[in-house]
Amino acid sequence: MSSLLELREKLRDIYSKGEVYLTPLFKFILALVSLLAINGNIGYMDRISGNIIIPLIVALMCSFMPMNFIVLFGAVFTCLNAYAISMECGIVALAVFLLMFILYFRFSARDTIVVALLPLMFMLKIPYIIPIAVGLLCTPLSVVSVACGTVAYYMVLFFKENAQTIIDLDTEEAVGKFRFVIDGLIGNQEMLVVLIAFSVIVVIVYVIRRLSIEHAWTIAICVGGVVGTTILLIGDLSFDTHISLLALILGMIVSLLLAVVLQFFAFNVDYSRTEYVQFEDDEYYYYVKAVPKNSVPQAKVKVRKIH
Amino acid sequence: MINQDRLRLMTKMAAYEAGEGQKNMAIASYFRSDYMGFQIIKSVICATIAYAILFGLFIYYDLENFMQDIYKMDLMSFGRSVLLYYVIFVTGYSIICYIVYSIRYYKAKTSLKKYYNRLKQLSAMYDLEKKKG
């Protein structure tokens with residue numbers, strides 16, 4: 001256990017000192033993986049999905065911009081590829097993303113990154129880690145960002161599975177195509193069940209981890225996992241959504257283990273980074289580099305009285 | 001001679017000014033009523049655009065029936081129902097935004113109060129040094 005604590009302190013030390021380089025690297029990797037995943041699933045526009053140069057350039061740009069630009073460019077790539085399938089798909093994708101940005105992300109920009117992470121976790125078959133992590137680290141309002149990420153994923157999945165059907169539909173049947181796309185999105189019962197399950201997981205995990213009880217975070221993770229699994233199973237029985245039971249259970253177990261790892265690194269740990277500030281007074285100019293101290297766990301002193 | 005206590009205080013204040021303080025100062029530079037009014041106006045505009053998108057999608061979804069029925073339907077009644085839904089949608093969204101931005105304004109003010117207290121401490125330190133020197 002002490003070696004794990006030392007490892008955590010070393011990683012925290014590395015992060016606080018190297019944050020200037022690590023954050024752009026992380027943003028670059030996340031942006032590149034997201035864009036390649038979009039192109040890999042619905043890469044119907046050859047200009048942006050035909051080669052790796054454009055995703056590389058965009059990912060490089062994203063590494064020096066705020067985190068929200070990753071989601072913005074992901075939305076742009078999705079809309080362009082959807083437009084390449086058909087104009088109706090492009091319109092629906094654009095409308096969905098516009099509604100997300102206009103109604104929610106304009107005042108909660110911090111959570112936008114969930115929209116990029118959740119589809120990636122869906123592809124890795126461990127999407128349950130995101131609502132648990134959001135419940136542990138964010139506020140209940142972040143339920144909306146989890147819902148937006150879920151909708152974005154199922155929209156891309158619908159385009160991927162039905163692209164050929166949409167392309168084969170008569171070009172003159174524009175309204176028919178549009179109705180097919182809208183019905184496919186709104187009538188997706190699996191998406192509805194997952195939305196409900198994830199929303200409940202976020203709220204439950206948040207409420208339990210805020211309680212003043214021992215091991216609140218661990219209990220929150222376990223209860224969130226169990227409740228989420230139950231809701232998904234009930235939803236599968238009620239709506240016949242054909243959710244794979246094995247994938248659900250394995251994915252949930254892996255997600256819970258990852259959540260425990262997240263708890264280890266995030267619970268009660270200050271990730272302050274090195275601050276560079278400058279100011280002046282009447283006598284001096286000050287150029288200050290403030291390096292956060294690593295907290296050294298105090299040894300617990302036990303007093304045993306021997307009579 | 002550098003006063004280390006003063007340096008620590010100034011460093012914390014400078015770090016706050018460079019980070020969270022910028023955002024909070026921008027918020028607190030408005031009177032509460034002005035800030036809330038501005039945010040509600042932005043929210044109404046965003047809600048209007050969102051409603052227009054949703055209405056457009058709704059009409060296009062049912063375009064054939066709509067074009068067939070447009071000459072038969074009571075346009076005044078249709079217009080009234082569209083307006084009613086618009087008012088409900090915008091009002092609901094504005095209420096949510098009002099609550100969010102109220103909390104944000106309160107947090108910004110509270111945070112800046114601590115900053116101004118530190119400013120007073122700093123001023124007191126300077127006064128003390130002047131008296132000694």
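Modeller: Helices here are DSSP runs of H or I with at least four residues, strands are E runs of at least two, and both are numbered from the N terminus. On that basis chain A has 12 helices and two strands.

Biologist: Before we go on, what am I looking at?

Modeller: A predicted model, in which local features need pLDDT of at least 70 and side-chain atom pairs count only at pLDDT 80 or more, while totals for chains, interfaces and linings use all residues. Residues are numbered from 1 along each chain as its sequence is written, with chains lettered from A and ligands numbered from 1 in the order in which they are written.

Biologist: Which pattern does chain A follow along the sequence?

Modeller: It reads α-α-α-α-α-α-α-α-α-α-α-α-β-β. The C-alpha atoms of chain A fill a box of roughly 90 × 60 × 30 Å along the principal axes.

Biologist: Why is A:K125 called partly exposed?

Modeller: Buried takes 20 or more other C-beta atoms (placed from the backbone) within 10 Å of the residue's own, exposed takes 12 or fewer, and partly exposed is what lies in between. A:K125 has 14, so it is partly exposed. It sits in the loop between α6 (113–123) and α7 (129–137) of chain A, and its phi is near 70°, a positive value in a residue other than glycine.

Biologist: And what makes A:H215 count as exposed?

Modeller: A:H215 has 10 C-beta neighbours inside 10 Å, so the exposed label applies. This residue is in the loop between α10 (189–209) and α11 (216–239) of chain A.

Biologist: How do you know that the buried residues of α3(A) line one face of the helix?

Modeller: Those residues of α3 (residues 53–63) of chain A are A:P55, A:V58, A:A59 and A:C62. Seen down the helix axis they fall within an arc of 100°, so they line one face; the arc is that of the directions from the axis to the C-beta atoms. The face turned away from the buried side carries the exposed residues A:I53 and A:I57.

Biologist: Over to chain B. Why are α3(B) and α5(B) called oblique to each other?

Modeller: Angles run from 0 to 180 degrees between N-to-C directions, and axes are lines fitted to C-alpha atoms, for helices over the stretch in contact. Under 35 degrees is roughly parallel, over 145 roughly antiparallel, 65 to 115 roughly perpendicular, and the rest oblique. The axes of α3 (residues 32–61) and α5 (residues 75–132) of chain B come within 8 Å and cross at roughly 140°, so the pair is oblique.

Biologist: How many residues does each chain put into the contact between A and B?

Modeller: 18 from chain A and 18 from chain B, where contact means C-beta atoms, placed from the backbone, within 7 Å. On the chain A side, α5 (87–105), α9 (174–186), β1 (275–280) and β2 (285–290) each supply at least two residues. α5(A) gives the most, with five.

Biologist: Which classes do the residues on that side of chain A fall into?

Modeller: 15 nonpolar, no polar and three charged. Nonpolar is Ala, Val, Leu, Ile, Met, Phe, Trp, Tyr, Cys and Pro, charged is Asp, Glu, Lys and Arg, and the others, Gly among them, are polar.

Note on methods: Contact = placed C-beta atoms within 7 Å.
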